[in-house]
Amino acid sequence: MKFFRKIRTGLATVAIVTIGANAALADFPERTIEIIHPWGPGKAMAVSQLIAQAMGDELGVDMPVISTPGAAGTKAQITAMARPADGYTIFDGYVAPLVLQPVLGNADWNYSDFKPLQAAVSNAFSIGGRIGETRWSNFEEMMAYGQAHPGKLRYSSGSRNNLPHMVIAKALQSYNVVAQNIPYSQDGNAIKDLKSGVLDFAFVNVGNYIQDKSAFNILLVLSELDGAKASYDGAPNIIDLSVDLGLSGLAPMGWTWWIVNADTPDDVADKLRDAMAAAMARPDVRAAIEAVGFVPLDWNHSEYNDIVGPVAAQLGAMGNALKWEVEELGKLN
Amino acid sequence: MLLESLTAGFDLFFTPLAIGLTFIGILIGLLVGALPGLGPLMGIILLLPVAISLPPIAAMGFLIAIFVGGSCGGSISAILLRIPGTPLAAATLFDGYPMAQNGRASDAIGIAITSSAIGGLIGGIVLIIGSPILARFASGFAPPEYAMLAITGLFAIAIISGGSLFKGLTSGCLGLLLATIGTDEFSTGYRFTFDSYHMLNGFHIVAVVVGLFAVSEMALQIMGRDLLKIPDVKVARPGFRSIFLTLRHWKNLLRSSSIGVFFGALPGAGGVISSFTSYAIAKAWSKPEEKYGEGAEGGVVSVESANNATVGGTLVPTLALGIPGDASSAMLLGALLILGFIPGPILFEQQPEIVSGLFMVYMASNVFLLIAGLLVTPLFVYVLRIPKFYLIPIVLLLCSIGTFALQASVFDLMVMLGFGLVGILFRATNYPLSPIVIGLILGPVLENNLRRALLISQDGYWIFVERPVSAVLVTINIALVIGGIWYALQKMHIKRTGNDSGA
Amino acid sequence: MVINAKFLNWLVTAFFAVIIAIVFQQIATSMTEQGIASGGPYNNGAAYPRSISIAIMILVAGQIFVDQFIASNAQKESNLHTIRDLRRPAMLLIIFAVYLGLLKFLGYHLTTTPLIFIIMLICGARSIIKLLFVAILVAFSFAFIFEEFLSVVLPGGIFSFNIPW
């Protein structure tokens, strides 16, 4: 019967809409709200779908997550911000398109050009090797090997010039070790090649780690936060090895902060913020996010500048690690 | 292990949505198969955008069922209209149409559907047993092996799929080239994007394929002179009696299904080759009193069991290696990628429930095919009476909403239209379209693994022959090239001598 | 006027020539500027598309050679179409292009019913009332299925004409 009721309300609204009353902001939202997601389908998209679904429950509309990958996430951000500023399009503001790409000079915006809703999730990562490696047993031994064999180590950070690549390059630079990064579009393939010995080490996020703990020897957790260390069952972190990345807090990890166009009316943005806060507070949502290795975040829109500002500043200050790696590799060939 | 690989997907499959959509997929498959000019590939292409917004197993059930139903549906129009709905059913015509003329249309359709379902189930058994074994063997494959496999897949399709060797390879290369548009994963530079952010991730594969196949097909259909005609179709009501009629040919059924699975699992061979081969063998082994070509039941059994068994076979390399066997399975692979699953050994290792769910939807599709096919065929007879002038706008609308739905982009619609024009040009000049799809799917696999292999290698191209499996694949690729050239020369030689004798 | 195989072959060769020209032009300009047109596999994004283009060049040349010197000309002249035959497909494609162009500005609902209606007219159907009914029914039922069950937001156009089912 629901079906027929929908048809009836549908027809009634057709009549109303045709008369020309469609600017009723008081009734926001009255249709589907789309979340533009900067990556292809995978764990990150599943997490965004979880939040979107819960948020959709709060608002009473569908909230599909639309995957628009390309150019390290900038395609999605451009797409989302080209849409009308009516609150019907939300951008899943991952650090790569939101902060890192502008820092690297590949995008012409600033994180403060947008209206924040709320912080969503973060995702710490580590440098992992395989179990059964005979050449070294910890990070410092691997670095010693790397110093003795410049340019011979093979690793993957997922895609090139992403945040893990930047952070790993910085860590290697602090040991003066040059290694070749091999880009992989799917984490799974990099992990497979790590396990089979084709790669020497790779970036391993919490999700990869909990899927098959016994396969990895986590060499270095790239965060100084205790929570991240705990996620990797106490593997050594950058404080233990006194590696100075010049990064703290959220800066060395992946995270997303949902944002909308800066011209979005405040009452609309507030409705979205309330719904997102309610969605993020739901225990079932938090549990589901944690189950895939992500950490739910609780900062609201008023803390956006305080949290994202230092990240942007720190990433800006360390951009030379990638450049250094390319130059050193060039010298070897 | 086998039991486990079957049961893990129970929860995913036994949902009303997944079962319902698999059933609907069979109906749509039979429909696109029966309607001349469409076929399983077109059905998958047109409904892929619908599927990818659904839960994964329901989505794949829907698409796989369209593949299965579409591989059978062509027989309905072959038997009733003497027009094979798809090339797969071209050989069904030899005995199916005479059967209908002898007043046995219902039996012919019943036998076609039953043989398809049984052939499909036999294909499924091979799929369930064979693909995990292949996947385990391939679990040690690294970039050099994948680069070589991609080349094998591409060569095989271009060489075996018939027509001109040069044209097949050219189409395949065009697919590879199209796949390079967008952000280069290695250098992070932009290639062929013309400073447009729409192009940063290249063309969406569905927009390209919908344009190439569906839009160009509609432009072709509208040239026909029978747009308003309501085809004259006799009513056929196959019953469960057909099952017994079919099972009497059990030897033929087993033999033809095995041929179908074998050709399916070989990249490039596909349903058309397997159906003609199994028909020829069935005819050669038949008793004279069966009268093949004049309405022999065995003829329908051999063709239909073979072309549906091919579906199971073609899914083996698609799932286990991520290397598609033909254009339809390439689109299924594309759908899996869009849904976030990467076919290959990792899928078998890490998400056995998805693999198992795929096995279950495949087996269920064939069971549903038997039930639905026998029960609702009378309805399809009415569908065949829909004149084309309704069909053309509906298909075009489905093309455009479907393509738009992918990423809510009007740009994708322009891409679709552009490739519609390319499709028309290629059809007019006999350049095959399927290798473009294979090239598009295998393009990133080939380029990225090639470059990855070279980066991993400490001594350049030698990495491809230092690793044993890669070395074997290199040998196969060289053999394929030599074989292809030899075959092409033979054909030219025959043509020339034929000409000379005629002159 | 008759369109023959020779003309079509010329057209498809021209198509590939344009594609190859674009590849080399882009490598020489855009890719060189970005610094991805040279170096090893890590930095060189141009080597692979260049190799594929060269392969296409060789293959198309091979095909031309076959057409010219080896293949028989006997069956070539079959399947000819006159310009008259192409009238309907040309109209279809033009109407479809106009539809796609207007979609963004006028939205789905204002453009789709006319599209279906006109295509049926091109096909030669003439019972106006029936066609109109079919066109409206098809356009709205598709919109309903996609928007209600698949959460697609169809283009609303400058009037933001969307039906909240």
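This is a predicted model: local features need pLDDT of at least 70, side-chain atom pairs count only at pLDDT 80 or more; totals for chains, interfaces and linings use all residues.
**Entry 1: the end of H18(B)**

Helices here are DSSP runs of H or I with at least four residues, strands are runs of E with at least two, and both are numbered from the N terminus. H18(B) has 20 residues and reaches 30 Å from its first C-alpha to its last, which is close to the 28 Å expected at 1.5 Å a residue, the expected span being 1.5 Å times one less than the number of residues. I noted that H18(B) is mostly covered, since 17 of its 20 residues are buried, where buried means under 20% relative accessible area, exposed over 50% and partly exposed in between, with a 1.4 Å probe and protein chains only.

For the conventions, residues are numbered from 1 along each chain as its sequence is written, and chains are lettered from A and ligands numbered from 1 in the order in which they are written. Local features need pLDDT of at least 70 and side-chain atom pairs count only at pLDDT 80 or more, while totals for chains, interfaces and linings use all residues, and side-chain values use heavy atoms, with hydrogens and water left out.

**Entry 2: H18(B) against chain C**

I then followed H18 (residues 388-407) of chain B to H3 (residues 87-106) of chain C, where the two pack at an angle of about 35° with their axes 12 Å apart; axes are lines fitted to C-alpha atoms, for helices over the stretch in contact, and angles run from 0 to 180 degrees between N-to-C directions. The contact (heavy atoms within 4.5 Å) is made by Ile392(B), Leu396(B), Leu397(B) and Ser400(B) on one helix and by Leu92(C), Phe96(C), Tyr99(C) and Leu100(C) on the other. An α-helix has 3.6 residues a turn, so residues three or four places apart point the same way.

I also checked Ile392(B) within its own chain, and its C-alpha atom is separated by 7.8 Å from that of Gln221(B), 171 residues apart along the chain. Gln221(B) is found in helix H10 (residues 205-221) of chain B and is buried, with a relative accessible area of 9%.

**Entry 3: the sheet of chain A**

I traced an open sheet of six strands in chain A, with the order S2-S1-S3-S10-S4-S11 and mixed pairing; two strands pair if DSSP finds at least two bridges between them. S2 (65-67) and S11 (295-296) stand at the edges with a single partner strand each, so one side of each is left without a neighbour in the sheet.

S1 (residues 34-37) of chain A runs parallel to S2(A) and is joined to it by three bridges, with Ile35(A) opposite Val65(A). S1(A) also pairs with S3(A) in the parallel sense over three bridges, and there the partner of Ile36(A) is Phe91(A). Glu34(A) and Ile36(A) point one way from S1(A), Ile35(A) and His37(A) point the other way, and all are buried.

Last, I recorded that helix H10 (residues 266-281) of chain A lies across S3, S4, S10 and S11 of that chain, running at about 15° to S4(A).
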